[in-house]
Amino acid sequence: MNNMELQSVKINIGSNMYSRFPDLPNTVPHVLAEFVDNALQSYKDNKTALLDIENDYKLVVNIDIEWDDETNRATKIVISDNAAGINRHQYESAFMPAKTPENNSGLNEFGMGLKTAALWIGETWVVNTKALNENVERTIVFNLNEVTANDLEELPIEIVEKDITEHYTVVTITDPTKNAPARRNLDKIRGDLASIYRKSLRSNEMQIIVCGESLNFAEYPVLVAPPVGNFNSAPITWKKEVNFSFGKYKATGFIGILRDIDSTKNGFVLLRRGRVIVGAEYDGRYFPKMSGASGTFKYKRLFGELELEGFDVSFNKNAIQDKDNLEALMDALRDEIRTPEFDIFKQAEDYRLNESQKVINKLVKKHNNNVRKVEPITINTQIKKQEESPTQLVFPEVAPQNPPQEMPQIQPEIVLGETTDEYRIDGKKYKLNVEFVNTGNELFWSDVSHKADGVIVCKINTDHVFFRHFGSPTDSVIAIIKTIAISKFAAKTSGNDTTAELLDIFNEFIKQTKV
């Protein structure tokens, strides 16, 4: 610590202004995103220095929420990160509302994020931060009642000596406002944050943990099918990469057709500087003219993800400014990507599912709406061992990097739908991914090449002669097939891969299998 250390920080904006912050239009996910933005930008600005002291460094942002047991609303929110902290130079302006950073080309461009975000949720907030390569932790406490009652223009800074290599920021928000999140919206908060930071999560650039759950962004399945009117031709993946300039404006990303109609996934998501601005929420996606009229198949199937350059955004980063030029850009882009060989708009409007696909979609929807987790089963203790020596089943060992020998090579393969179940085998959790395909000579087969990662894949051929003879796939048939698949794997894993063992395991698992 030295005599030149900061003793206080200015906050003067007019105390009455602070009281109005909770009335600003915003949402909980976008408010929490302001703290994530600060952490992510700190990491980007100091990436080299962070990696120099930690070879395996990874940015982690943790959001913890305490709930009132009676109202089920948040009473305290803690956002912590292991980025580079707020250094002395940044600190002088960090808590002055509307003080634009010297470099406003990043994610914290307006100088409004931390202050307005914290007060939007709670009337009291505390920031503890330790900057990399500095030897002190600085703490500031903002209490709205004290600030407004005393018309305070600055707040004292608490200084504590710390090791020079430590680096973090912790924001603690209490005394919740009317905007504090409700527990029932926790899944939506997680989903929206995962959507906003999809690019960073995809690239493994950072980890976001919300109430103990690490966020992942689930990619939307793209339609793979022959062009409409030419069903005998090879299937096409209906996704078009975009790299398009229009004056000072630019759009990069993709436009595609959803494999399955889904009102939570159609439309366009617009990004800027690597994070979603429009379209993070299920009901907030962008529908340009190229999407067609609401209710049409094109509207229901067309989707896209576009990183924009040249556009300004609102101060809370949930709207694109200059909407006229945005629409002009999208009109020009529509004309650019349409070709006779790849008419994505005609395909989106005219493509229809065959009856087999409709059956699969119903099975998948029903499956995903049920509780599917199987109660833990430890094969070695709960399955009766056979004292005799029955005929041995043969399970050839397959190197993980090679295609499993039991899985036929199918070209091309179209996945019509997929579901996931969880099983415990000898204490280890496995995911059984069931994929419905329309090619192959076998009724079903297993892919165990990713068993080290706890993933087993069961592929079911919906075009098999069995279904032609006995009708479309049903709940009971699918339940039996996937239970055979996981039982076969469990028998091999148990080390007693006999026919009798397989049947015993099957009879245990089938009691809990659900579709």
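How many of the ten residues of strand β19 (residues 428–437) are buried? Seven are, and the strand is mostly covered. Buried here means under 20% relative accessible area, exposed means over 50%, and partly exposed lies in between (1.4 Å probe, protein chains only). Helices (H or I, at least four residues) and strands (E, at least two) are DSSP runs, numbered from the N terminus.

The structure is a predicted model, in which local features need pLDDT of at least 70, side-chain atom pairs count only at pLDDT 80 or more, and totals for chains, interfaces and linings use all residues. Residues are numbered from 1 along each chain as its sequence is written, and side-chain values use heavy atoms, with hydrogens and water left out.

The chain has 515 residues, of which 48% count as buried. Its secondary structure comes to 16 helices and 21 strands. Contact means heavy atoms within 4.5 Å. Of the contacts in the chain with a separation of 6 or more, 67% join residues 24 or more positions apart. Confidence is given as pLDDT, the predictor's score for each residue from 0 to 100. The mean pLDDT of the chain is 83, and 83% of its residues reach 70 or more. Two stretches call for caution. Over residues 103–107 pLDDT stays under 50, and the model has eleven contacts there beyond four places in sequence. Over residues 380–411 pLDDT also stays under 50, with 59 contacts beyond four places in sequence.

An open sheet is built from eight strands in the order β7-β5-β4-β8-β3-β2-β9-β10, with mixed pairing. Two strands pair if DSSP finds at least two bridges between them. β7 (158–161) and β10 (213–214) stand at the edges with a single partner strand each, so one side of each has no neighbour in the sheet. Four bridges join β7 to strand β5 (residues 136–143) in the antiparallel sense. Within this pairing, glutamate 137 stands opposite valine 160 in β7.

Helix α2 packs on the sheet. It touches β2 (59–67), β3 (74–81), β8 (168–176) and β9 (206–210), and its direction makes about 155° with that of β2. Axes are lines fitted to C-alpha atoms, for helices over the stretch in contact, and angles run from 0 to 180 degrees between N-to-C directions. α2 (residues 28–45) has 18 residues and reaches 26 Å from its first C-alpha to its last, close to the 26 Å expected at 1.5 Å a residue. That expected span is 1.5 Å times one less than the number of residues. Of the 18 residues in α2, 15 are buried. Helix α7 (residues 186–196) lies across β2, β9 and β10 and runs at about 170° to β9.

Strand β19 has partners of its own. With β18 it pairs in the antiparallel sense over ten bridges. Two residues lie between the strands of this hairpin, where aspartate 426 takes a positive phi near 55°. Aspartate 421 stands opposite leucine 432 in β19. β19 also runs parallel to strand β21 (residues 455–461), joined by seven bridges. There, glutamate 435 has lysine 459 of β21 as its bridge partner.

A search of the whole structure finds 20 salt bridges. A salt bridge is a side-chain nitrogen of Lys or Arg within 4 Å of a carboxyl oxygen of Asp or Glu. Aspartate 421 forms one with lysine 482, the closest N and O atoms being 3.0 Å apart. This pair links distant parts of the chain: aspartate 421 lies in strand β18 (residues 415–425) and lysine 482 in helix α15 (residues 475–494), 61 residues apart. Aspartate 421 counts as buried at 2% relative accessibility. Lysine 482 counts as buried at 1%.

Glutamate 305 meets arginine 198 in a salt bridge of 2.9 Å, N to O. Glutamate 305 is in strand β17 (residues 302–309) and arginine 198 in helix α8 (residues 198–202), 107 residues apart. Glutamate 305 also forms a salt bridge with arginine 202, with the closest N and O atoms 2.7 Å apart. Arginine 202 is in helix α8 too, 103 residues from glutamate 305. Glutamate 305 and arginine 198 are both buried. Arginine 202 counts as partly exposed, at 36% relative accessibility. Arg198, Arg202, Glu219 and Glu305 are linked in a network of salt bridges.
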